[in-house]
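Reader: Hi! I'm new to reading protein structures. Could you walk me through this one?
Author: Happy to, let's have a look together.

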Amino acid sequence: MHESTLSPFKYTLFWVLLIVTKLAFSYYIEIKPLVGPTKDIMSVQITNFQWHEFFPCAKNNIGVVIALWAPIILV
């Protein structure tokens with residue numbers, strides 16, 4: 001079967017545009033809005049941490065940050 005010279009180029013261009021669109025969507029819709037709250041959460045120091053068995057030596061709210069970012073990483 002004979003393919004035109006333009007067919008592989010169009011196929012490659014389609015996949016490149018699809019990946020770029022997916023990465024741009026992920027960055028602007030999922031990642032960028034969480035950066036500010038993550039910085040704010042990490043700057044708060046823990047004075048009385050009641051769930052010591054989960055994070056015994058925690059100086060900041062790493063558990064909250066993990067819970068915040070887990071759905072994004074899974075997607």
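Author: Let's begin with a word we'll need: a residue counts as buried when its relative accessible area is under 20%. Also, keep in mind that this is a predicted model.
Reader: Thanks! So what share of the chain's residues is buried?
Author: Of the 75 residues in the chain, 9% are buried.
Reader: And how many helices and strands are there?
Author: The chain has two helices and zero strands. Helix α1 covers residues 6–43, and helix α2 covers residues 62–74.
Reader: Okay, can we zoom in on helix α2? Is V65 buried or exposed?
Author: V65, which lies in helix α2, is buried, because its relative accessibility is 11% and the cut-off for buried is under 20%.
Reader: Which residues does V65 touch?
Author: Leaving out residues up to four places away in sequence, V65 touches T38, I41 and M42. Take M42: it sits 23 residues from V65 in sequence, yet their C-alpha atoms are 7.7 Å apart in space.
Reader: New topic: charges. What is going on with E30?
Author: E30 is in helix α1. This residue is buried but has no salt bridge. The nearest side chain of opposite charge belongs to K22, 5.7 Å away.
Reader: Why doesn't K22 count as a salt bridge partner for E30?
Author: Because a salt bridge needs the nitrogen and the carboxyl oxygen within 4 Å, and K22 is 5.7 Å from E30.
Reader: Got it. Which residues is E30 in contact with, then?
Author: Setting aside neighbours within four places in sequence, E30 contacts F25, I72 and V75.
Reader: Does F25 turn up elsewhere, or where should I look next?
Author: Look at the surface: F25 is part of a nonpolar patch there, together with Y27, Y28, I29, I31 and V35. Together they have about 580 Å² of accessible area.
Reader: How exposed is I31?
Author: I31 is partly exposed, with a relative accessible area of 30%. Like E30, which is in helix α1, I31 has its place in that helix.
Reader: Last topic: rings! How many aromatic pairs are there?
Author: A search of the whole structure finds three. One of the pairs is Y11 with W15, edge-to-face, with 6.4 Å centre to centre and 70° between the planes.
Reader: Where do Y11 and W15 lie?
Author: Both are in helix α1, four residues apart, which is about one turn of the helix. Y11 is exposed, at 55% relative accessible area, while W15 is partly exposed, at 38%.
Reader: And what about Y27 and Y28?
Author: Their ring centres are 4.9 Å apart and the planes are at 80°, so that pair is edge-to-face. Y27 is partly exposed, with a relative accessible area of 41%.
Reader: Which residues make up the ring cluster?
Author: Y11, F14 and W15, linked by ring pairs.

Note on methods:
Residues are numbered from 1 along each chain as its sequence is written. Side-chain values use heavy atoms; hydrogens and water are left out. Buried means under 20% relative accessible area, exposed over 50%, partly exposed in between (1.4 Å probe, protein chains only). Lys and Arg count as positive and Asp and Glu as negative; His and the chain ends are not counted. Contact means heavy atoms within 4.5 Å. Patches are made of residues with over 30% relative accessible area and no salt bridge: like charges are joined within 9 Å, nonpolar side chains (Val, Leu, Ile, Met, Phe, Trp, Tyr) within 5 Å. Accessible areas come from the Shrake-Rupley method with a 1.4 Å probe; for residues, only the protein chains shown count as cover. Rings of Phe, Tyr and Trp (its six-membered ring) pair if their centres lie within 6.5 Å; planes under 30 degrees apart count as stacked, over 60 as edge-to-face and the rest as tilted.
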